[in-house]
Amino acid sequence: MYLNGLKRSATIAGGLIRRNLHQSSSKLSSKAYDYDGKTKIDIFNTQQDLGIMITGYSQFGFRMNNDMVVIGPVAVFPRSLLSWNVNSVEDINEASLSLFTALEPKIDVLILGIGDQTPSPNISKEILSFMRKYKINVEVLRTEQACATFNFLNAENRMVASALIPPLHISYNENDLMATSARKMQVGF
C-alpha cells in the first residue's frame, strides 16, 4: 500500500513537472517571437532614435538618416552635425581639430575619415600627439570605414565624434551595378 501511494505521488509530481516545463517553455518561445512568429530586424542607420547616422556619401558630401544632406567635409556628433572647414587632408591640424577638444561632455573617440587616401604614419603621428594631450582616442581611416565605425559606436551610445572628408573617387562593385539596373527597370528607364 505504501509503495502504491508512492508510485501515485511520483506520477502526479511527474505530471506537474512536465506541465510546468511545457508552460514555461511556451512562454519563452512566445517572447522570442513577439511579431507573429517572424524575426524582426532593425537597420541601425534608419532609426531616428539612435541619433545621427551616416547613410551615404559621395564626392560632394554626406547623407544622414534624418534625410539631411551636407555638402563638403562635416563634423558629426551623436545628435548634431556641423560643416568642417577643411578642404583636404593637408588642412587637418591643431586649429581644425580644436573644436573636438572643446566639447563638453568630452568625447572618448574621434573618428577621422580622410577621403579615399590611405592613412599615412605622418598624419597619424601629428594628430595622435595633439589629441593625446586632451585624452581623446583617434582613429584615422578612409571615409568609407570611418562612416561605418561612427555608426557602430554611436549605436552603442559611446561618446564619439567623426570628422569626415568626402572621397575624391567612389569605388563600386558588381552588386552596386545590379542594384542600379534593377532600380532603372522598376522606374521604367
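Colleague: Let's begin with strand 6 (residues 109-114) and strand 8 (residues 160-165). What makes these two a pair?

Modeller: They run parallel and are joined by 6 bridges. Two strands pair if DSSP finds at least two bridges between them, so 6 bridges is enough for strand 6 and strand 8. Within the pair, Ile111 stands opposite Ser162 in strand 8.

Colleague: Before we go on, where do these values come from?

Modeller: This is a predicted model, in which local features need pLDDT of at least 70 and side-chain atom pairs count only at pLDDT 80 or more, while totals for chains, interfaces and linings use all residues. Side-chain values use heavy atoms, leaving out hydrogens and water, and residues are numbered from 1 along each chain as its sequence is written.

Colleague: Why is residues 54-57 called strand 1?

Modeller: Strands are DSSP runs of E with at least two residues, helices are runs of H or I with at least four, and both are numbered from the N terminus. Residues 54-57 form strand 1.

Colleague: How do you know that strand 1 and strand 2 (residues 61-64) pair?

Modeller: They have 3 bridges in the antiparallel sense, and the rule asks for at least two, so they pair. Gly56 has Arg63 of strand 2 as its bridge partner, and Ile54 stands opposite Met64.

Colleague: Why are strand 1 and strand 3 called edges?

Modeller: The open sheet has the order 1-2-3. Strand 1 and strand 3 each have a single partner strand, so one side of each is left without a neighbour in the sheet.

Colleague: Which strands stand at the edges of the sheet with 5 strands?

Modeller: That open sheet has the order 5-4-8-6-7, with mixed pairing. Strand 5 (81-83) and strand 7 (137-141) each have a single partner strand, so they stand at its edges.

Colleague: What makes you say helix 2 (residues 94-101) packs on the sheet?

Modeller: Contact means heavy atoms within 4.5 Å, and helix 2 touches strand 4 (74-76), strand 5, strand 6 and strand 8. Angles run from 0 to 180 degrees between N-to-C directions, using axes fitted to C-alpha atoms, for helices over the stretch in contact. Helix 2 makes about 155° with strand 8.
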